[in-house]
Amino acid sequence: MKTSGLFKLTGTVQHYDWGGFDFIPALLGQPHPSPKPCAELWLGAHAGGPSLVDSPDGAVPLTQLINSSPDRVLGAAVATRFQNTLPYLLKILDARKMLSIQAHPTIAHAQAEFAAEEARGIALSDPKRNYKDKNHKPEVHVALTDFWMLHGFRPLEEIAASLSDVVELRALMPDFGERLSQAGHDAAARTDLLRELYARAMTMPQAEVDSILSPLIERLEKQPPTNKDEPDFWAARAAREFPLPGGHRDRGIFSIYLLNLVRLQPGEATYQSAGTLHAYLKGTNVELMANSDNVLRGGLTPKNVDVPELMRVVRFEEGKAVIIPGQDAGNGETLFSTPAEEFELSRLECLPEHPYHRTHQSGPDILIVLKGEVVASCAHGVVRLKNGESLFATQDADYTLTAQGEPATVFKASVPSSRRVG
Ligand SMILES: [Zn+2]
């Protein structure tokens, strides 16, 4: 089996209910609108949908290529660091409906809790199972269109203003403003207050949730909000998209007022580290994450919400969301740096007269063309890629990308070299 060089890659489309009908099929050159929603295109070796590589032996799962020679395909350093697995999963995501509010664990917490759930004999397929693997799930994503999301707790003064301006929400914690003034600049007191507020939202009896949220939603329904940059818009939408049986209200709606509502411009990114409460609301993006399924949910979902476990995982840290603009790494590359050891995401602008060369010993890489057409070449061969097509480059493949005719845009997932991480 060929184990070095460039391999055309075919991803897996996930048809989750919240996905759009056009963006992903159009990118892949398939008929659209598609009959089924297309939420995510997965490019990687995740067990839930491994991509296929074109090899001289026909199409084989990327996992098979990796297993045939981990040291060569991944590079010896990556193979050792990540137990012979590709440590990242690259996605194209199209959110038509809102996704659940969620947070991901630290790696130490995931390892301990995975072992604990195994010991308790909770099946991996059990809907109440929280930890599907022993890994953390840091995520970075770059918006391809205007992209709305919730990201981390707002500064407490903003929360106080919201809880006072939105009259129905005052009952959530009537003395919040007063207690915030008492806390002043005492960081520990502020953290405790935030934790108490969120715990109250997540644990108060359902009747109390309804008594606060029903009048709010009914008021919003009388004059439907149209401004996507206001929490009211998403609260009204959440009430429509996540109705609970019996007319009850999803307490996840509180979080829309407690978290930073962010609108990313195309090309802007955020990083979700362990414990950051977040939700994707609408738009398309390129997302790169560690290979894990460990998600704790905090509402706006039909799936299990384990509040005590969520409270252990969420980081009660206030502040404005940090938006990563991307930094010019030269050579047509814009790098979206994060502290993650598993992955590195960058955007390449390739020009016909100015090819991109892979210049450092990172990798292995997955590339996806999002505009134009490129020719990828290395000592082992040449692959031509049209818009929407993808490539896997083994760690030892020093390749060049040349745009054909017009400038091309390519996103690249890679594993940072340990030098870059350190
Ligand atoms: Zn997430």
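**View 1. Four strands form an open sheet in the order β17-β22-β19-β20, with antiparallel pairing.** Welcome to this predicted model, where local features need pLDDT of at least 70, side-chain atom pairs count only at pLDDT 80 or more, and totals for chains, interfaces and linings use all residues. Residues are numbered from 1 along each chain as its sequence is written. Strands are DSSP runs (E, at least two residues), numbered from the N terminus, and two of them pair if DSSP finds at least two bridges between them. At the edges stand β17 (356-357) and β20 (381-385), each with a single partner strand, so one side of each is left without a neighbour in the sheet.

**View 2. Strand β19 (residues 374-378) meets strand β22 (residues 400-403).** Here the two strands run antiparallel and are joined by 4 bridges. Look for A376, whose bridge partner in β22 is L401.

**View 3. β19 and β20 form a hairpin.** Between the two strands are 2 residues. Their pairing is antiparallel and covers 5 bridges. C378 can be found opposite G381 in β20.

**View 4. V374 and its contacts.** Two residues are in contact if their C-beta atoms, placed from the backbone, lie within 7 Å. Leaving aside neighbours within four places in sequence, V374 is in contact with C350, V369, L385, L401, T402, A403, Q404, A408 and V410.

**View 5. The largest nonpolar core holds 116 residues.** Such a core is a set of buried Ala, Val, Leu, Ile, Met, Phe, Trp, Tyr and Cys residues joined through C-beta atoms within 7 Å; buried means that 20 or more other C-beta atoms lie within 10 Å of the residue's own, with C-beta atoms placed from the backbone. The members that touch the most others are Y88, A235, A279, L281, V374, L391 and V410. Strand β12 (residues 278-290) gives the most to this core, with 7 residues. Domain 1 (116-313) and domain 2 (333-421) both give residues to the core, so it lies between them.

**View 6. Domain 1 touches domain 2.** The domain bounds come from an automatic or database domain assignment, and the C-alpha centres of the two domains lie 35 Å apart. The contact takes 8 residues from domain 1 and 9 residues from domain 2. On the domain 1 side, β8 (139-143), β11 (269-272) and β12 each supply at least two residues, and β12 gives the most, with 3 residues. The residues of this side divide into 8 nonpolar, no polar and no charged, where Ala, Val, Leu, Ile, Met, Phe, Trp, Tyr, Cys and Pro count as nonpolar, Asp, Glu, Lys and Arg as charged, and the others, Gly among them, as polar.

Note on methods:
A residue is buried if 20 or more other C-beta atoms lie within 10 Å of its own, exposed if 12 or fewer, and partly exposed in between; C-beta atoms are placed from the backbone.
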